[in-house]
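Hello,

Here is the structure I promised to pass on to you.

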Amino acid sequence: MQKLFRWASKWWPGLIPLAVMWGFAAWNNTLPVEADLSARSSAALKETVLDKTRIAVDGRDVGLAADAFSEEGRRDAVMAVELVPGVRLVDDRTRLVPEATPFVWNAERDVVRVTLSGSAPLPSMKARLTEAARKEVNGTEVADQMGLARGAPPRFEAAAMLLLDQIGKLKDGKITITDTKVNLSGMARDLGGREAIAAALKNLPEGFSVAANDVKAPPYIFQAYKDPVAATVTLTGYVPDNNVHAAIATSASRKFFTEKVVDNLKASVGAPGSFNTAVVAALGGLSRLSTGTLVVSDREVKLSGDALYEGAANDIRAGLGKDFPKNWQYKPEITVKPAAGPVDGTVCQQLFTELLNKGKIRFATKRADIDPDSAGILDHLIETALRCPTTNIEVAGHTDADGEDSFNQALSEKRAQAVIDYLVKAGLPATRFTPVGYGATQPLAGNDTDEGKAQNRRIEFLVR
(Lines give C-alpha, C1' and ligand atoms only; values in the text may rest on other atoms or scores of the structure.)
Protein backbone atom coordinates (compact mmCIF):
# COMPACT_ATOMS: atom_id res chain seq x y z
CA MET A 1 0.00 0.00 0.00
CA GLN A 2 2.82 2.29 0.81
CA LYS A 3 4.33 1.50 -2.57
CA LEU A 4 1.07 2.53 -4.26
CA PHE A 5 1.01 5.93 -2.53
CA ARG A 6 4.64 6.49 -3.38
CA TRP A 7 3.87 5.73 -7.06
CA ALA A 8 0.76 8.01 -7.16
CA SER A 9 2.64 10.88 -5.62
CA LYS A 10 4.90 10.78 -8.62
CA TRP A 11 2.27 10.94 -11.49
CA TRP A 12 -0.73 13.01 -10.26
CA PRO A 13 1.11 16.39 -10.51
CA GLY A 14 1.37 15.66 -14.22
CA LEU A 15 -2.43 15.94 -14.54
CA ILE A 16 -2.39 19.65 -13.74
CA PRO A 17 -0.70 20.82 -16.95
CA LEU A 18 -2.89 18.41 -18.92
CA ALA A 19 -6.02 20.00 -17.40
CA VAL A 20 -4.73 23.45 -18.16
CA MET A 21 -3.96 22.48 -21.74
CA TRP A 22 -7.42 20.92 -22.16
CA GLY A 23 -9.18 24.04 -20.75
CA PHE A 24 -7.16 26.29 -22.98
CA ALA A 25 -7.99 24.22 -26.04
CA ALA A 26 -11.70 24.18 -25.15
CA TRP A 27 -11.72 27.93 -24.54
CA ASN A 28 -9.77 28.58 -27.70
CA ASN A 29 -12.27 26.58 -29.74
CA THR A 30 -15.41 28.04 -28.04
CA LEU A 31 -14.58 31.71 -28.53
CA PRO A 32 -14.74 31.65 -32.35
CA VAL A 33 -18.00 29.65 -32.24
CA GLU A 34 -19.65 32.13 -29.86
CA ALA A 35 -18.41 35.13 -31.84
CA ASP A 36 -19.74 33.56 -35.04
CA LEU A 37 -23.16 32.81 -33.51
CA SER A 38 -23.34 36.34 -32.12
CA ALA A 39 -22.57 37.87 -35.51
CA ARG A 40 -25.04 35.63 -37.37
CA SER A 41 -27.76 36.24 -34.74
CA SER A 42 -27.29 40.00 -35.11
CA ALA A 43 -27.50 39.66 -38.89
CA ALA A 44 -30.72 37.63 -38.57
CA LEU A 45 -32.30 40.49 -36.60
CA LYS A 46 -31.66 43.18 -39.23
CA GLU A 47 -35.11 42.76 -40.72
CA THR A 48 -36.85 42.99 -37.34
CA VAL A 49 -37.93 46.18 -35.54
CA LEU A 50 -36.32 46.26 -32.11
CA ASP A 51 -34.76 48.74 -29.73
CA LYS A 52 -31.92 48.31 -27.22
CA THR A 53 -31.00 44.89 -28.65
CA ARG A 54 -28.44 42.87 -26.67
CA ILE A 55 -27.12 39.40 -27.62
CA ALA A 56 -25.13 37.17 -25.24
CA VAL A 57 -23.81 33.76 -26.42
CA ASP A 58 -22.80 30.99 -24.07
CA GLY A 59 -21.53 28.08 -26.11
CA ARG A 60 -24.39 27.51 -28.57
CA ASP A 61 -27.03 29.07 -26.32
CA VAL A 62 -28.08 32.65 -27.22
CA GLY A 63 -29.56 35.14 -24.78
CA LEU A 64 -31.68 37.76 -26.58
CA ALA A 65 -32.78 40.94 -24.79
CA ALA A 66 -34.58 43.73 -26.66
CA ASP A 67 -37.55 46.09 -26.64
CA ALA A 68 -40.16 45.11 -29.21
CA PHE A 69 -43.02 47.22 -30.53
CA SER A 70 -45.58 44.46 -31.01
CA GLU A 71 -46.15 40.90 -29.87
CA GLU A 72 -45.75 39.72 -33.42
CA GLY A 73 -42.46 41.56 -33.77
CA ARG A 74 -41.19 40.07 -30.55
CA ARG A 75 -42.02 36.52 -31.70
CA ASP A 76 -40.45 37.12 -35.11
CA ALA A 77 -37.22 38.29 -33.47
CA VAL A 78 -36.95 35.19 -31.27
CA MET A 79 -37.75 32.90 -34.21
CA ALA A 80 -35.13 34.62 -36.37
CA VAL A 81 -32.41 33.78 -33.84
CA GLU A 82 -33.71 30.23 -33.32
CA LEU A 83 -33.32 29.59 -37.05
CA VAL A 84 -29.64 30.57 -37.07
CA PRO A 85 -27.63 27.39 -37.83
CA GLY A 86 -25.69 26.22 -34.78
CA VAL A 87 -27.97 27.83 -32.20
CA ARG A 88 -29.19 25.22 -29.71
CA LEU A 89 -31.35 27.33 -27.36
CA VAL A 90 -32.64 30.94 -27.26
CA ASP A 91 -33.08 32.52 -23.87
CA ASP A 92 -35.94 34.96 -24.63
CA ARG A 93 -35.55 38.11 -22.55
CA THR A 94 -37.41 40.43 -24.94
CA ARG A 95 -40.17 42.71 -23.69
CA LEU A 96 -42.80 44.92 -25.22
CA VAL A 97 -42.26 48.67 -25.18
CA PRO A 98 -44.82 50.21 -22.78
CA GLU A 99 -48.03 51.49 -24.31
CA ALA A 100 -48.77 55.22 -23.96
CA THR A 101 -52.37 56.01 -23.01
CA PRO A 102 -53.11 58.60 -24.28
CA PHE A 103 -50.48 58.74 -26.99
CA VAL A 104 -49.01 62.26 -26.84
CA TRP A 105 -46.47 63.94 -29.13
CA ASN A 106 -45.24 67.54 -28.90
CA ALA A 107 -43.26 70.01 -31.01
CA GLU A 108 -42.44 73.23 -29.16
CA ARG A 109 -40.57 76.25 -30.50
CA ASP A 110 -38.97 79.07 -28.54
CA VAL A 111 -36.40 81.71 -29.38
CA VAL A 112 -33.43 79.35 -29.61
CA ARG A 113 -34.66 75.84 -30.36
CA VAL A 114 -37.36 73.40 -31.39
CA THR A 115 -37.97 70.62 -28.85
CA LEU A 116 -39.63 67.35 -29.85
CA SER A 117 -41.04 65.43 -26.89
CA GLY A 118 -43.69 62.91 -25.98
CA SER A 119 -43.76 59.55 -27.75
CA ALA A 120 -42.83 58.17 -31.13
CA PRO A 121 -43.96 54.66 -32.13
CA LEU A 122 -40.74 53.45 -33.80
CA PRO A 123 -37.01 54.36 -33.74
CA SER A 124 -36.96 54.93 -37.49
CA MET A 125 -39.97 57.24 -37.28
CA LYS A 126 -38.36 59.10 -34.40
CA ALA A 127 -35.33 59.75 -36.61
CA ARG A 128 -37.49 60.87 -39.54
CA LEU A 129 -39.43 63.33 -37.39
CA THR A 130 -36.21 64.82 -36.04
CA GLU A 131 -34.76 65.20 -39.52
CA ALA A 132 -37.96 66.78 -40.83
CA ALA A 133 -37.87 69.33 -38.00
CA ARG A 134 -34.26 70.24 -38.83
CA LYS A 135 -35.13 70.84 -42.47
CA GLU A 136 -38.15 72.97 -41.59
CA VAL A 137 -36.24 75.26 -39.19
CA ASN A 138 -32.94 75.34 -41.02
CA GLY A 139 -30.23 76.60 -38.69
CA THR A 140 -32.29 76.38 -35.51
CA GLU A 141 -31.34 73.79 -32.91
CA VAL A 142 -33.63 70.76 -32.71
CA ALA A 143 -33.65 68.89 -29.38
CA ASP A 144 -34.94 65.30 -29.55
CA GLN A 145 -36.52 64.39 -26.23
CA MET A 146 -38.97 61.85 -27.66
CA GLY A 147 -39.40 58.49 -26.03
CA LEU A 148 -40.66 55.30 -27.66
CA ALA A 149 -44.08 53.88 -26.92
CA ARG A 150 -46.83 51.78 -28.43
CA GLY A 151 -50.33 53.09 -28.96
CA ALA A 152 -49.90 55.57 -31.83
CA PRO A 153 -53.09 56.09 -33.84
CA PRO A 154 -53.16 55.09 -37.54
CA ARG A 155 -51.55 57.67 -39.86
CA PHE A 156 -49.71 59.26 -36.93
CA GLU A 157 -46.55 59.90 -38.95
CA ALA A 158 -48.45 61.70 -41.73
CA ALA A 159 -50.14 63.94 -39.16
CA ALA A 160 -46.89 64.70 -37.33
CA MET A 161 -45.08 65.49 -40.59
CA LEU A 162 -47.82 67.91 -41.65
CA LEU A 163 -47.65 69.65 -38.29
CA LEU A 164 -43.87 69.91 -38.47
CA ASP A 165 -44.38 71.81 -41.72
CA GLN A 166 -46.19 74.43 -39.62
CA ILE A 167 -43.51 74.80 -36.93
CA GLY A 168 -41.48 76.96 -39.33
CA LYS A 169 -44.40 79.39 -39.55
CA LEU A 170 -44.32 79.99 -35.79
CA LYS A 171 -42.17 82.56 -34.03
CA ASP A 172 -42.87 80.63 -30.85
CA GLY A 173 -45.51 78.13 -29.84
CA LYS A 174 -46.45 74.52 -29.30
CA ILE A 175 -48.11 71.81 -31.35
CA THR A 176 -49.51 68.71 -29.63
CA ILE A 177 -51.09 65.48 -30.86
CA THR A 178 -53.10 63.68 -28.20
CA ASP A 179 -54.30 60.45 -29.80
CA THR A 180 -56.12 61.96 -32.81
CA LYS A 181 -56.71 65.48 -31.44
CA VAL A 182 -54.45 68.36 -32.48
CA ASN A 183 -53.80 71.47 -30.38
CA LEU A 184 -51.82 74.53 -31.52
CA SER A 185 -50.86 77.73 -29.73
CA GLY A 186 -48.32 80.52 -30.11
CA MET A 187 -47.46 83.47 -32.34
CA ALA A 188 -47.12 83.29 -36.11
CA ARG A 189 -43.75 84.40 -37.46
CA ASP A 190 -45.14 86.53 -40.28
CA LEU A 191 -48.40 88.15 -41.24
CA GLY A 192 -50.41 85.56 -43.10
CA GLY A 193 -48.76 82.76 -41.13
CA ARG A 194 -51.83 82.15 -38.97
CA GLU A 195 -54.02 81.87 -42.06
CA ALA A 196 -51.52 79.58 -43.79
CA ILE A 197 -51.47 77.26 -40.77
CA ALA A 198 -55.26 77.17 -40.62
CA ALA A 199 -55.39 76.25 -44.31
CA ALA A 200 -52.82 73.46 -43.86
CA LEU A 201 -54.78 71.93 -40.97
CA LYS A 202 -57.60 71.17 -43.38
CA ASN A 203 -55.31 68.50 -44.88
CA LEU A 204 -54.84 66.47 -41.70
CA PRO A 205 -55.06 62.70 -42.33
CA GLU A 206 -58.38 60.96 -41.97
CA GLY A 207 -59.34 60.47 -38.35
CA PHE A 208 -57.42 63.50 -37.04
CA SER A 209 -59.13 66.75 -36.03
CA VAL A 210 -58.20 70.13 -34.57
CA ALA A 211 -59.26 70.46 -30.93
CA ALA A 212 -57.88 74.01 -30.54
CA ASN A 213 -56.01 76.47 -32.74
CA ASP A 214 -54.85 79.44 -30.65
CA VAL A 215 -52.12 80.67 -33.00
CA LYS A 216 -52.10 84.47 -32.97
CA ALA A 217 -51.06 86.81 -35.75
CA PRO A 218 -48.17 89.21 -35.13
CA PRO A 219 -49.11 92.90 -34.86
CA TYR A 220 -50.24 94.41 -38.13
CA ILE A 221 -47.80 97.31 -38.44
CA PHE A 222 -47.72 100.34 -40.72
CA GLN A 223 -45.00 102.97 -40.27
CA ALA A 224 -44.17 106.35 -41.76
CA TYR A 225 -41.11 108.44 -41.00
CA LYS A 226 -40.75 112.08 -42.02
CA ASP A 227 -37.13 113.19 -42.42
CA PRO A 228 -36.73 116.92 -43.06
CA VAL A 229 -33.01 116.61 -43.78
CA ALA A 230 -33.43 114.06 -46.56
CA ALA A 231 -36.80 115.64 -47.48
CA THR A 232 -38.43 112.20 -47.55
CA VAL A 233 -41.40 110.42 -46.07
CA THR A 234 -40.71 106.68 -45.92
CA LEU A 235 -43.64 104.27 -45.73
CA THR A 236 -42.96 100.75 -44.46
CA GLY A 237 -44.98 97.82 -43.15
CA TYR A 238 -48.19 96.35 -44.52
CA VAL A 239 -51.41 97.23 -46.31
CA PRO A 240 -54.30 94.81 -46.92
CA ASP A 241 -54.43 94.96 -50.73
CA ASN A 242 -53.33 96.86 -53.82
CA ASN A 243 -56.35 99.19 -53.79
CA VAL A 244 -55.67 100.39 -50.26
CA HIS A 245 -51.97 100.61 -51.11
CA ALA A 246 -52.72 102.94 -54.02
CA ALA A 247 -55.12 105.04 -51.92
CA ILE A 248 -52.57 105.53 -49.12
CA ALA A 249 -49.74 106.33 -51.53
CA THR A 250 -51.93 108.92 -53.31
CA SER A 251 -52.99 110.48 -50.02
CA ALA A 252 -49.37 110.71 -48.87
CA SER A 253 -48.27 112.41 -52.09
CA ARG A 254 -51.01 115.03 -51.61
CA LYS A 255 -50.31 115.69 -47.93
CA PHE A 256 -46.50 115.88 -48.05
CA PHE A 257 -45.82 118.73 -50.45
CA THR A 258 -42.07 119.23 -49.82
CA GLU A 259 -41.01 115.60 -49.28
CA LYS A 260 -40.48 112.70 -51.64
CA VAL A 261 -42.61 109.69 -50.67
CA VAL A 262 -40.54 106.49 -50.48
CA ASP A 263 -43.01 103.62 -50.72
CA ASN A 264 -41.79 100.31 -49.21
CA LEU A 265 -45.22 98.95 -48.31
CA LYS A 266 -46.18 95.30 -48.81
CA ALA A 267 -49.60 93.72 -49.10
CA SER A 268 -50.57 91.18 -46.44
CA VAL A 269 -53.65 89.78 -44.77
CA GLY A 270 -54.62 90.56 -41.18
CA ALA A 271 -55.38 94.29 -41.32
CA PRO A 272 -57.82 95.55 -38.67
CA GLY A 273 -61.14 96.99 -39.79
CA SER A 274 -61.15 100.59 -41.07
CA PHE A 275 -57.38 100.40 -41.57
CA ASN A 276 -57.39 102.77 -44.55
CA THR A 277 -59.46 105.43 -42.75
CA ALA A 278 -57.21 105.44 -39.70
CA VAL A 279 -53.94 105.51 -41.65
CA VAL A 280 -55.02 108.37 -43.90
CA ALA A 281 -56.11 110.39 -40.85
CA ALA A 282 -52.83 109.67 -39.06
CA LEU A 283 -50.80 110.68 -42.13
CA GLY A 284 -52.61 114.01 -41.97
CA GLY A 285 -51.20 114.54 -38.49
CA LEU A 286 -47.70 113.53 -39.60
CA SER A 287 -47.86 115.98 -42.51
CA ARG A 288 -48.18 118.84 -40.00
CA LEU A 289 -44.96 117.94 -38.18
CA SER A 290 -41.48 119.22 -38.93
CA THR A 291 -40.09 115.77 -38.24
CA GLY A 292 -41.99 112.80 -36.94
CA THR A 293 -42.77 109.10 -36.80
CA LEU A 294 -46.09 107.38 -37.22
CA VAL A 295 -46.60 103.79 -36.05
CA VAL A 296 -49.91 101.99 -36.54
CA SER A 297 -49.91 98.66 -34.70
CA ASP A 298 -53.19 96.79 -35.01
CA ARG A 299 -55.72 99.35 -33.68
CA GLU A 300 -53.23 101.57 -31.87
CA VAL A 301 -51.81 104.74 -33.44
CA LYS A 302 -48.70 106.42 -32.06
CA LEU A 303 -47.64 109.76 -33.54
CA SER A 304 -44.51 111.50 -32.28
CA GLY A 305 -42.51 114.46 -33.45
CA ASP A 306 -42.25 118.26 -33.54
CA ALA A 307 -45.10 120.54 -34.54
CA LEU A 308 -44.23 123.82 -36.24
CA TYR A 309 -45.86 126.00 -33.56
CA GLU A 310 -47.73 125.60 -30.29
CA GLY A 311 -51.21 126.00 -31.76
CA ALA A 312 -50.57 123.20 -34.26
CA ALA A 313 -49.32 120.91 -31.48
CA ASN A 314 -52.48 121.48 -29.46
CA ASP A 315 -54.68 121.01 -32.50
CA ILE A 316 -53.01 117.72 -33.46
CA ARG A 317 -53.18 116.37 -29.90
CA ALA A 318 -56.85 117.24 -29.52
CA GLY A 319 -58.25 116.68 -32.96
CA LEU A 320 -56.57 113.79 -34.74
CA GLY A 321 -58.12 111.03 -32.67
CA LYS A 322 -61.59 112.26 -33.62
CA ASP A 323 -60.99 111.05 -37.16
CA PHE A 324 -60.24 107.48 -36.09
CA PRO A 325 -62.81 104.66 -36.18
CA LYS A 326 -64.34 103.41 -32.95
CA ASN A 327 -62.22 101.12 -30.77
CA TRP A 328 -58.97 102.62 -32.11
CA GLN A 329 -56.50 104.11 -29.63
CA TYR A 330 -54.39 107.18 -30.24
CA LYS A 331 -51.16 108.10 -28.42
CA PRO A 332 -49.87 111.57 -29.35
CA GLU A 333 -46.35 112.49 -28.30
CA ILE A 334 -46.18 115.92 -29.89
CA THR A 335 -43.61 118.53 -28.95
CA VAL A 336 -42.95 121.91 -30.54
CA LYS A 337 -40.05 122.70 -32.83
CA PRO A 338 -37.82 125.51 -31.49
CA ALA A 339 -38.93 128.77 -33.07
CA ALA A 340 -36.82 130.03 -35.95
CA GLY A 341 -35.41 133.55 -35.81
CA PRO A 342 -37.35 136.57 -37.10
CA VAL A 343 -36.93 137.81 -40.67
CA ASP A 344 -37.72 141.05 -42.49
CA GLY A 345 -40.47 141.53 -45.07
CA THR A 346 -38.25 140.70 -48.05
CA VAL A 347 -37.15 137.34 -46.65
CA CYS A 348 -40.69 136.68 -45.48
CA GLN A 349 -41.99 137.14 -49.03
CA GLN A 350 -39.28 134.86 -50.38
CA LEU A 351 -40.23 132.13 -47.90
CA PHE A 352 -43.95 132.42 -48.78
CA THR A 353 -43.18 132.18 -52.48
CA GLU A 354 -40.95 129.13 -52.04
CA LEU A 355 -43.59 127.31 -50.02
CA LEU A 356 -46.40 128.01 -52.48
CA ASN A 357 -44.21 126.99 -55.40
CA LYS A 358 -43.71 123.58 -53.76
CA GLY A 359 -47.33 122.99 -52.76
CA LYS A 360 -50.83 124.37 -53.17
CA ILE A 361 -53.69 125.13 -50.85
CA ARG A 362 -56.49 122.94 -52.21
CA PHE A 363 -60.22 123.48 -52.05
CA ALA A 364 -63.36 121.47 -52.75
CA THR A 365 -64.41 121.76 -56.40
CA LYS A 366 -66.10 125.15 -57.07
CA ARG A 367 -66.29 125.79 -53.33
CA ALA A 368 -64.30 127.66 -50.69
CA ASP A 369 -63.94 124.67 -48.33
CA ILE A 370 -60.24 123.99 -47.68
CA ASP A 371 -59.15 120.42 -48.41
CA PRO A 372 -57.83 118.73 -45.21
CA ASP A 373 -54.77 117.61 -47.20
CA SER A 374 -53.66 121.29 -47.17
CA ALA A 375 -53.07 121.33 -43.40
CA GLY A 376 -49.34 120.72 -43.80
CA ILE A 377 -48.66 123.63 -46.13
CA LEU A 378 -50.92 125.93 -44.11
CA ASP A 379 -48.92 125.15 -40.96
CA HIS A 380 -45.70 126.02 -42.79
CA LEU A 381 -47.25 129.31 -43.97
CA ILE A 382 -48.34 130.09 -40.40
CA GLU A 383 -44.86 129.34 -39.08
CA THR A 384 -43.44 131.77 -41.65
CA ALA A 385 -45.97 134.48 -40.77
CA LEU A 386 -44.95 134.14 -37.12
CA ARG A 387 -41.37 134.96 -38.11
CA CYS A 388 -42.36 138.35 -39.56
CA PRO A 389 -44.94 139.60 -37.04
CA THR A 390 -44.85 143.27 -38.13
CA THR A 391 -45.70 142.70 -41.81
CA ASN A 392 -49.13 142.98 -43.40
CA ILE A 393 -50.05 140.26 -45.88
CA GLU A 394 -52.45 140.18 -48.79
CA VAL A 395 -54.00 136.78 -49.34
CA ALA A 396 -54.86 136.66 -53.03
CA GLY A 397 -57.28 134.14 -54.56
CA HIS A 398 -57.14 133.13 -58.26
CA THR A 399 -59.28 130.78 -60.38
CA ASP A 400 -59.15 129.34 -63.86
CA ALA A 401 -61.38 130.70 -66.63
CA ASP A 402 -64.07 128.03 -66.52
CA GLY A 403 -67.52 129.37 -65.66
CA GLU A 404 -68.91 132.90 -65.36
CA ASP A 405 -66.55 135.73 -64.48
CA SER A 406 -68.78 136.87 -61.63
CA PHE A 407 -68.79 133.37 -60.12
CA ASN A 408 -65.02 133.08 -60.39
CA GLN A 409 -64.54 136.52 -58.85
CA ALA A 410 -66.74 135.67 -55.88
CA LEU A 411 -65.13 132.23 -55.50
CA SER A 412 -61.63 133.69 -55.44
CA GLU A 413 -62.65 136.16 -52.73
CA LYS A 414 -64.29 133.45 -50.62
CA ARG A 415 -61.23 131.20 -50.89
CA ALA A 416 -58.92 134.04 -49.84
CA GLN A 417 -61.15 134.72 -46.85
CA ALA A 418 -61.26 131.00 -45.94
CA VAL A 419 -57.47 130.95 -45.76
CA ILE A 420 -57.42 134.03 -43.53
CA ASP A 421 -60.03 132.44 -41.26
CA TYR A 422 -57.74 129.41 -40.92
CA LEU A 423 -54.78 131.64 -40.03
CA VAL A 424 -56.74 133.61 -37.47
CA LYS A 425 -58.06 130.42 -35.88
CA ALA A 426 -54.43 129.34 -35.49
CA GLY A 427 -53.74 132.47 -33.45
CA LEU A 428 -52.57 135.11 -35.95
CA PRO A 429 -54.12 138.61 -35.74
CA ALA A 430 -56.85 139.21 -38.33
CA THR A 431 -55.62 142.79 -38.79
CA ARG A 432 -52.47 141.58 -40.53
CA PHE A 433 -54.33 139.97 -43.45
CA THR A 434 -56.37 141.33 -46.33
CA PRO A 435 -58.40 139.01 -48.60
CA VAL A 436 -58.38 139.89 -52.31
CA GLY A 437 -60.03 137.96 -55.14
CA TYR A 438 -58.74 138.26 -58.69
CA GLY A 439 -60.95 135.66 -60.32
CA ALA A 440 -59.41 134.53 -63.63
CA THR A 441 -57.84 137.90 -64.47
CA GLN A 442 -54.22 137.02 -63.63
CA PRO A 443 -53.51 133.59 -65.17
CA LEU A 444 -50.06 132.02 -64.95
CA ALA A 445 -50.72 129.67 -67.88
CA GLY A 446 -53.23 129.14 -70.65
CA ASN A 447 -56.70 127.92 -69.71
CA ASP A 448 -56.93 125.58 -72.70
CA THR A 449 -55.36 122.59 -70.87
CA ASP A 450 -56.02 120.91 -67.55
CA GLU A 451 -52.43 121.52 -66.52
CA GLY A 452 -52.69 125.22 -67.27
CA LYS A 453 -55.98 125.51 -65.38
CA ALA A 454 -54.44 123.78 -62.35
CA GLN A 455 -51.62 126.36 -62.30
CA ASN A 456 -54.11 129.21 -62.44
CA ARG A 457 -56.13 127.95 -59.48
CA ARG A 458 -54.00 129.21 -56.62
CA ILE A 459 -53.58 131.22 -53.43
CA GLU A 460 -50.74 133.74 -53.14
CA PHE A 461 -49.29 135.47 -50.06
CA LEU A 462 -48.06 138.97 -50.85
CA VAL A 463 -46.18 141.00 -48.22
CA ARG A 464 -47.31 144.62 -48.38
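Below is what turned up, starting with how the model was handled.

This is a predicted model, in which local features need pLDDT of at least 70 and side-chain atom pairs count only at pLDDT 80 or more, while totals for chains, interfaces and linings use all residues. Residues are numbered from 1 along each chain as its sequence is written, and side-chain values use heavy atoms, with hydrogens and water left out.

Let me begin with a helix pair. The axes (lines fitted to C-alpha atoms over the stretch in contact, with angles from 0 to 180 degrees between N-to-C directions) of helix 4 (residues 123-136) and helix 5 (residues 156-167) come within 9 Å and cross at roughly 20°. Helices here are DSSP runs of H or I with at least four residues, and strands are E runs of at least two, numbered from the N terminus. Helix 4 and helix 5 are therefore roughly parallel to each other, a label for angles under 35 degrees. On the helix 4 side, the contact (heavy atoms within 4.5 Å) includes Met125, Leu129 and Glu136, and on the helix 5 side Phe156, Met161 and Asp165 are among the residues involved.

Next, the cysteines. A disulfide (cysteine sulfur atoms within 2.5 Å) joins Cys348 to Cys388, with S to S at 2.0 Å. Cys348 lies in helix 10 (residues 345-358), whereas Cys388 sits in the loop between helix 11 (375-387) and strand 18 (393-398), 40 residues apart.

Finally, an unreviewed UniProt entry lists residues 350-464 as "domain: OmpA-like"; such annotations may be inferred rather than shown by experiment. Over residues 350-464 the chain is 43% helix and 15% strand.

Best wishes

Note on methods
Angles under 35 degrees count as roughly parallel, over 145 as roughly antiparallel, 65 to 115 as roughly perpendicular and the rest as oblique.
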